[in-house]
Amino acid sequence: HETAKRFLYGTATKMPEPPENAQNAKERKQNKKDGDQGEVSASPSRTIPEGVKPLFFSGPSQQIYGCVVDVDVTPDDPHKLIPKEKIVEDFKNRAAVCDFHPVKKILLAYPGEEILLVYDYDFKYGENFYVCLTEEAKELVLNPPQE
């Protein structure tokens, strides 16, 4: 658990990779190649909703965007709305180092002014945060349907 804590707070250089079978590796490679933002299996029992993308957010990025784990975002208050303008500025300043870089094209085309970033405290989708890439996904996460 110490490695996971260091990883969440950005003090570890790399989290150990979980073992995977050849099929999972092939699916992840294909999804990355396609830039897929649709439903992708994060684990055998978890499906990532359409319009949502898991992202690793390093300690420095958490500070830049004001979403420091257990300070700005918690399991009880995991949502952070980030001005799109701030992300665009970070693309200019840090380029590929920006943790939003894997979804840069999608975010640049995003029609809204605020992007929803969510702290994924239990790594439900495989990373420490996930980002909503559509207004529909943002609304669904902020206002989930009543069961």
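**Close-up views of a predicted model**

**View 1. Phe57 and Tyr65 form a tilted aromatic pair.** Phe57 is buried, because its relative accessible area is 0%, which lies under the 20% limit for buried residues. This and the other views show a predicted model. Tyr65 also counts as buried, at 3% relative accessibility. A search of the whole structure finds 7 aromatic pairs. In the pair of Phe57 and Tyr65, the ring centres are 5.7 Å apart and the planes meet at 50°, so the pair is tilted.

**View 2. Tyr119 and Phe129 form a tilted aromatic pair.** Their ring centres are 5.6 Å apart, with 45° between the planes. Tyr119 belongs to strand β5 (residues 114-119) and Phe129 to strand β6 (residues 129-132), so the pair ties together parts that are 10 residues apart in sequence. Both Tyr119 and Phe129 are buried. One aromatic cluster is formed by Phe57, Tyr65, Phe100, Tyr119, Tyr121 and Phe129.

**View 3. Pro54 lies in strand β3.** This strand spans residues 52-55. Pro54 counts as buried because its relative accessibility is 16%. Leaving aside residues up to four places away in sequence, Pro54 touches Ile48, Tyr125, Glu127, Phe129 and Tyr130. The C-alpha atoms of Pro54 and Val131 are separated by 6.3 Å, although these residues are 77 residues apart along the chain.

**View 4. Lys104 lies over the face of Phe91.** The distance from Lys104 to the ring centre of Phe91 is 5.5 Å.

How values were computed
Residues numbered from 1 in each chain as written. Predicted model: local features only at pLDDT ≥ 70, side-chain atom pairs only at ≥ 80, totals over all residues. Heavy atoms only, no water. Helix = DSSP H or I, 4+ residues; strand = E, 2+ residues; numbered from the N terminus. Buried < 20%, exposed > 50% of the residue type's maximum accessible area, 1.4 Å probe, protein only. Contact = heavy atoms within 4.5 Å. Phe/Tyr/Trp six-rings, centres within 6.5 Å; stacked < 30°, edge-to-face > 60°. Lys NZ or Arg CZ within 6 Å of the ring centre and 35° of its normal.
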